[in-house]
Amino acid sequence: MKFLCVECDRQMQFEERRLPGDGTLAAAFRCPTCGRVVALLTNPMETQLVASLGVKIGGTTLPPQPMEMVRGMVTTGKENAFDEAGERGEGKGPRWSSEAQERLARVPNFVRGMVKRIYLDYAKDRGIAEITPAVMDTARTELGLEGM
Ligand SMILES: [Zn+2]
């Protein structure tokens, strides 16, 4: 188990481990850059589970890194998770007029890629070479996407 400080993009370092005796386990991880601390608490059953898996908290026997995976997803979300699909095949697909690009820029970041994809598919399906605000309006009405 590893924790990553999302702000600093640093792996947090294991700091302390307490086994109070009632079966609960507490482990703290500190970010070496900003000093942020996260603590891991497990109940007796979870402690058993972790122990049975041979996991040494703070040691070298470590399971996959769920936090890094989550972080990866979050990062991808920030950077337009759907954009990649939208850019694929660019060059032969419909163009975006500058007005349409401006309008697209006002779409919230996290859905922009998806919205872009929808308009691109719409334009491709209809053989539209350039996406303009007028095309976007028509697409919205036809596809029932009011508000996008
Ligand atoms: Zn940090």
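In the predicted model, M136 touches W96, A100, R103, L104, Y119 and I131, with residues up to four places away in sequence left out of the count. M136 also belongs to the largest nonpolar core, which holds 13 residues. The members that touch the most other members of this core are W96, A100, L104, V115, Y119, I131 and M136. At least two residues of the core are supplied by each of helix 4 (98–105), helix 5 (109–125) and helix 6 (133–143). Helix 5 provides the largest share, with five residues.

The packing of the helices was examined next. Two packed helices are described by the angle between their axes and the distance between the axes. For helix 4 and helix 6, the axes come within 8 Å and cross at roughly 55 degrees.

The axes of helix 5 and helix 6 are 10 Å apart, and the two helices pack at an angle of about 95 degrees. Helix 5 is thus roughly perpendicular to helix 6. I118, Y119 and Y122 make the contact from helix 5. From helix 6, the contact involves V135, M136, T138, A139, R140, E142 and L143.

A zinc ion is coordinated through the SG atoms of C5, C8, C31 and C34, at 2.3 Å. The angles among the four donor atoms run from 107 to 113 degrees, and the site is tetrahedral. Along the chain, the donor residues follow the spacing C-x2-C-x22-C-x2-C. Because C5 lies in strand 1 (residues 4–5) and C34 in the loop between strand 4 (25–30) and strand 5 (37–42), the pair ties together parts that are 29 residues apart in sequence.

C34 has a relative accessibility of 41% and so counts as partly exposed. Apart from its neighbours within four places in sequence, C34 is in contact with C5 and C8. The C-alpha atom of C34 is separated by 10.0 Å from that of M12, a residue 22 positions away along the chain.

D9 is located in the loop between strand 1 and strand 2 (10–11). The phi angle of D9 is near 60 degrees, a positive value in a residue other than glycine. With a relative accessible area of 44%, D9 is partly exposed.

Note on methods:
Residues numbered from 1 in each chain as written. Predicted model: local features only at pLDDT ≥ 70, side-chain atom pairs only at ≥ 80, totals over all residues. Heavy atoms only, no water. Donors = N, O, S within 2.8 Å, 3.2 Å for Na, K, Ca; no water. Tetrahedral: all angles 85-135°; square planar, octahedral: opposite > 155°, others 65-115°. Helix = DSSP H or I, 4+ residues; strand = E, 2+ residues; numbered from the N terminus. Buried < 20%, exposed > 50% of the residue type's maximum accessible area, 1.4 Å probe, protein only. Core = buried A, V, L, I, M, F, W, Y, C linked by side-chain atoms within 4.5 Å. Contact = heavy atoms within 4.5 Å. Axes fitted to C-alpha atoms, helices over the stretch in contact; angles between N-to-C directions. Parallel < 35°, antiparallel > 145°, perpendicular 65-115°, else oblique.
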